[in-house]
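Here is a friendly briefing to read alongside the model. Please keep the viewer open as you go through the points.

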Amino acid sequence: MNIGRENVAIVGAGRMGTSIAYTLAAAGHRVDLFDPIDAARDAVPERLAAIEAQLGEPVAVAVHDSLGRAVAEADVVIEAGPEDLAAKQAIFAELIRAAPVWALLATNTSAIPIARIAAGLPTSGRVLGTHFWNPPHLIPLVEVVEAETTEADAAERAIAFLRTAGLRPVHVKADIPGFIGNRLQHALKREAIAIVAAGHCDAEALDEVVRHGFGARLGVVGPLEQSDLGGLELTLAIHETLMPDLDRTPVAHPFLVEKVERGETGVSVGRGFRDWAPGEAEEVQERVTRELLRRRAAERTASNDGMGTATGVGNRKVRSDAQ
Ligand SMILES: NC(=O)c1ccc[n+]([C@@H]2O[C@H](COP(=O)([O-])OP(=O)(O)OC[C@H]3O[C@@H](n4cnc5c(N)ncnc54)[C@H](O)[C@@H]3O)[C@@H](O)[C@H]2O)c1
């Protein structure tokens, strides 16, 4: 079954919501975007224009001040409101009432368990996580997170839908804190902080090791692929030596806590793990955006013929079966 033009509603027109709206509209879906805050809605054209300037493709997105109107015809709803449990629970309570019974109801939460957001809803089989990475118009990964209450086919429908936009959905089969990406990212940060806190090197040296060492290949070969390539005997031998020595602090590392307590919170104050001169943060941000644009262009060229062939989410059988 070929995918059609799906009706997509995005709830929350902030940094993530606007970029998700752009990405799905650029893939040919009808996108309705809701935000209750006037200033957020007013900022949408400028945010979309900034993305258009990067990617060169104009899109049409309808902006709403009524949640009910935005989701009334939705096949897929993606919530990208504030990272606050009570706010998300209130939004989902309204979505259950206002969205069609077949609509997938997804949250872009960074860390709140999906089950907690869905708790108390009269029905939660269509509620799941779609964790996009910032910025969604440049980073293709979406973690599709299944809670215990998520119906079996909801994650599959979400994955099929996201593929139509050239995204790279990955099925996370349990509602675990940090899903997969943030668990990996913060496991690395825990060790990085411990190394710097112990004075084994400074923050600049640590970042050099990652950027110009194993990090240089991480976008091309994953850590488990890389272990297979090198042979698992080697990984085992390294783990037998290394594992007892790695940091196992079971809470936020005291070095990080002290930094925050001293007000050394990063670029906004000119000092975090390292010092920041005026203009340096913008240079780093430009470097990141340039690289992400380069990778996106390369990926699109390589996978052009594999896109747009996934199963539709709004087909009649799915609509009539889902509750
Ligand atoms: N920024 C990131 O890097 C990132 C990455 C992955 C996931 N997320 C998650 O995505 C979500 C949105 O993050 P963001 O960075 O876009 O935040 P943001 O603050 O830029 O946007 C949130 C938007 O929600 C709107 N809003 C406020 N109350 C609302 C309500 N009741 N209903 C609907 N919208 C409401 C706000 O006006 C704002 O426009 C959060 O759950 C966040 O944790 C963020």
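**The sheet and the ligand site**

Eight strands make up an open sheet, ordered 3-2-1-4-5-6-7-8, with mixed pairing. Strands (E, at least two residues) and helices (H or I, at least four) are DSSP runs numbered from the N terminus, and two strands pair if DSSP finds at least two bridges between them. This is a predicted model, in which local features need pLDDT of at least 70 and side-chain atom pairs count only at pLDDT 80 or more, while totals for chains, interfaces and linings use all residues. Residues are numbered from 1 along each chain as its sequence is written, and side-chain values use heavy atoms, leaving out hydrogens and water.

- Strand 2 (residues 30–34) runs parallel to strand 3, joined by three bridges.
- Within this pairing, aspartate 32 is opposite alanine 62 of strand 3.

**Ligand shell**

- A polar side-chain atom of serine 110 is 2.6 Å from a ligand oxygen atom.
- For arginine 15, a backbone N or O atom lies 3.0 Å from an oxygen atom of the ligand.
- Glycine 81 has a backbone N or O atom 3.3 Å from an oxygen atom of the ligand.

Key: A polar contact is a pair of N or O atoms within 3.5 Å; within protein, one must be able to donate a hydrogen and the other to accept it, and residues adjacent in sequence count only if both atoms are side-chain atoms.
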